[in-house]
Amino acid sequence: MASKEGPEIQRKRENDSSDRETKKSKGGKRRRKGKRKGGEQARAKPGYVHVVRENPNYEEYYKKQGIVPEGEWDSFMAILKEDLPATFRITGSKCSAALLSKVFEEKYFKELQDIEVEGERIPSPKVIPWYPHRLAWHIPLSRRFIRKSPLMGKFHKFLVSETEQGVINRQEAVSMIPPLFLDVKPHHKVLDMCAAPGSKTAQIIEALHSEDTPTNPCPSGVVVANDADNKRCYMLVHQAKRLSSPCVMVTNHDASVLPDMFYTKEDGSRVKLMYDRILCDVPCSGDGTLRKNLTIWRTWTPSQAIGLHKTQIRILLRGLEVLATGGRLVYSTCSLNPIENEAVISTALQACKGSVELVDVSTCLTELKRAPGVKTWKVMLKDGQWLQSAEDLTSLPQNVQRILPKTLFPPTEEETADLHLERCVRVLPHWQDTGGFFVAVLHKSKELPWKEKQKERPQDTKVETDESQSEQTVTDTKEQPSSLKGKNKSPLDTLGRQGYTKRRNLGYKEDPFVFMQEEDEVLKMIKSSYGFSDDFPNQQLLTRTLTGKKRNVYFVSNLIHSLTVQNEKAVKIINIGTKSFARCTCRKASCDFRLAQESIHHILPYIHKLVVKATRSDLVTLLKVGNPLFSSLSNEAAQSYKRLSVGPCVTVYNSSLEDSQNFEITALSTWRASQSARLFVTERERIHYLSILGEDIPDHLCLTTQNVYAGKTSLDEGGAPEDEPQEEMDPSLEGVEEKNDLDINELESTNEEESMDADINNS
């Protein structure tokens, strides 16, 4: 039947039909026009290089604040308009840090001398002078520029690989400062209040493990890494996983109302956790990061700092409440604004009335160029109006006065003299080619005044202190809110904590933390197979499932165990521990669980069975070849493997045969097959270990599989003699199966691990 529609209407219908077809995805589902990633609307957005690096309000604001020395303004603004160079540091928790630093200097940095990209000579990497032990490096190039050179690209891939191993951390130079001022020791209880994404947390963990030894790899201290954003908490989990520390707990709470935590001492008493060190890296406007966060050029306004001011004070005061007497708190922001820095510090110091003081750190990191804190500043409103003091608020409308607290303004001259704001540290970007940053180090000399008054009430808890005064014994009587009496009112209540609506716990529902008991069959099998010594802390092993087959077993420190048991219901704990054992079933294996590489150093001191001692040449062979035959190893190692049954074991570097100064590769998780051995390590781990050993690494590490009978690799032609069947893999690997828990501990599993396990599963 002929259509009665005119040609224009028909053309319109055809065009509409065509539009509908183009809006469909490959799967047949419609997409809204312009929403698809990479579409016209996305391409129309201004690119990275098209951001205009100008903001008149920003320039006017900081000119009047006077934080830049006279005559340096042009240099200050010029460096802000340049890209931030790449920086990284070598982790100090690994005993191979010095060796890896030598590899960097002698191998990679020599190759980067006198190279050119697009006709421009590339400056060589330089050590950051103020970072201890030459473990931090500065590459005067942006990350975009690094990818343009093949040599720099190769170096970049190496950085990525070592970052995944937790051996180096790519981190902005000024971001490394707060943990250094924190001065963390292995016995300290440390809190990172606003920890995500976790680069500073990783630095704290390294400091906690700085004195690890093969016989004592687990310090007595603890790191509690907290963040209010549930999704960002999993970035913290990734950081902790790379460093393989059993002394870390990740929590998800608003730092300004962080709940108290408790643990059990050796004598059985339940005590409140007070922290020896606290990092208070608060949310801020970030205007010191203009060199890498270019959108701030467009979005910056003076009202951003005003809006964050109260939140920053609340977080700082809550940190001081849970800080032990004699402890240290480091307050930091990536902002240059006095409203977010000196104004917050002065407010907290005045509220504490002499119980907290600023620490003079002028003798620390002496090669770091810095400016002292300012004592006077001005407040700029969104409309450009300037206010000199709190008295100027009276000229403003009542609705404006209500949102502008008096704490925004500088203290009087008499008050300033006792605060010593000049002890604060401000880093300007043009001095050492960095970002902008602010740091203040606070020392708590006695209890806070509002907390001291609470102790005087007869219904309060009994307090007893040790030499560090960092613990508080708790009775059954609960502490009453400090706002019950006007005289004892906390400054936090005046800032809005009283009546604070509790934020809903959003995000994923975490699997339970189930600590293993003596009668657990899995624990009995593991202890029997590996010959655990009697002093092994059974209570420090846990799983993440209440029912069904246990697939992974995790290890935590004694203090983390106690904190989890005492606070699991009151505190939202995201993650604890490192994977110590993984199920790897095989019909011929004597034990269903292999030792996980990430926590092997924490378990190794207790193991007395399934241990094979190897030489350096054995390690190189195991790392370069997928599953080398016993005949290709040293006689001692080969005989040790042959004495074991098919299944998991541990290959230990035999320091009695050769001099060894490398603690990190003293032990490797291994599978003992019938005629060969295979390491349970990823390709990136192999590359890392070979670098530490000083061995050459091919461009593409090719893991070959030796032929059982002919001694040739499976990549060779021919192979087995005519009267022998040819096999490409050791037959004892057949039937080996490994499964992973679907919990957060396993979300970061690398593709290499999955490929390695699949190779064994499918054999």
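**View 1. Val650 stands across from Ser669 of S29.** Here we zoom in on a predicted model, in which local features need pLDDT of at least 70 and side-chain atom pairs count only at pLDDT 80 or more, while totals for chains, interfaces and linings use all residues. Residues are numbered from 1 along each chain as its sequence is written, and side-chain values use heavy atoms, with hydrogens and water left out. S28 and S29 run antiparallel to each other, with six bridges between them. A word on the labels: strands (E, at least two residues) and helices (H or I, at least four) are DSSP runs, numbered from the N terminus. Two strands count as paired if DSSP finds at least two bridges between them.

**View 2. On to S27 and S28, which lie parallel and share four bridges.** Val611 sits opposite Val650 of S28. Ala614 has Tyr653 as its bridge partner in S28. S28 itself covers residues 647-653. Seven of its seven residues are buried, so S28 is largely enclosed by the rest of the structure; buried means under 20% relative accessible area, with exposed over 50% and partly exposed in between (1.4 Å probe, protein chains only).

**View 3. Step back, and four strands make an open sheet in the order S27-S28-S29-S30.** The pairing in this sheet is mixed. At the edges are S27 (611-614) and S30 (677-679), each pairing on one side only. From one strand to the next, the twist averages 40 degrees. Helix H23 (residues 635-643) packs on this sheet and touches S27, S28, S29 (667-672) and S30. Contact here means heavy atoms within 4.5 Å. The direction of H23 makes about 170 degrees with that of S27; axes are lines fitted to C-alpha atoms, for helices over the stretch in contact, and angles run from 0 to 180 degrees between N-to-C directions.

**View 4. Another open sheet of four strands goes S4-S5-S1-S6, with antiparallel pairing.** Its edge strands are S4 (126-127) and S6 (168-170), and each pairs on one side only. S1 (residues 86-90) and S5 (residues 136-139) are antiparallel partners joined by four bridges. Look for Thr87, which stands opposite His138 of S5. Helix H9 (residues 199-208) packs on the sheet, touching S1 and S6. The direction of H9 makes about 25 degrees with that of S1.
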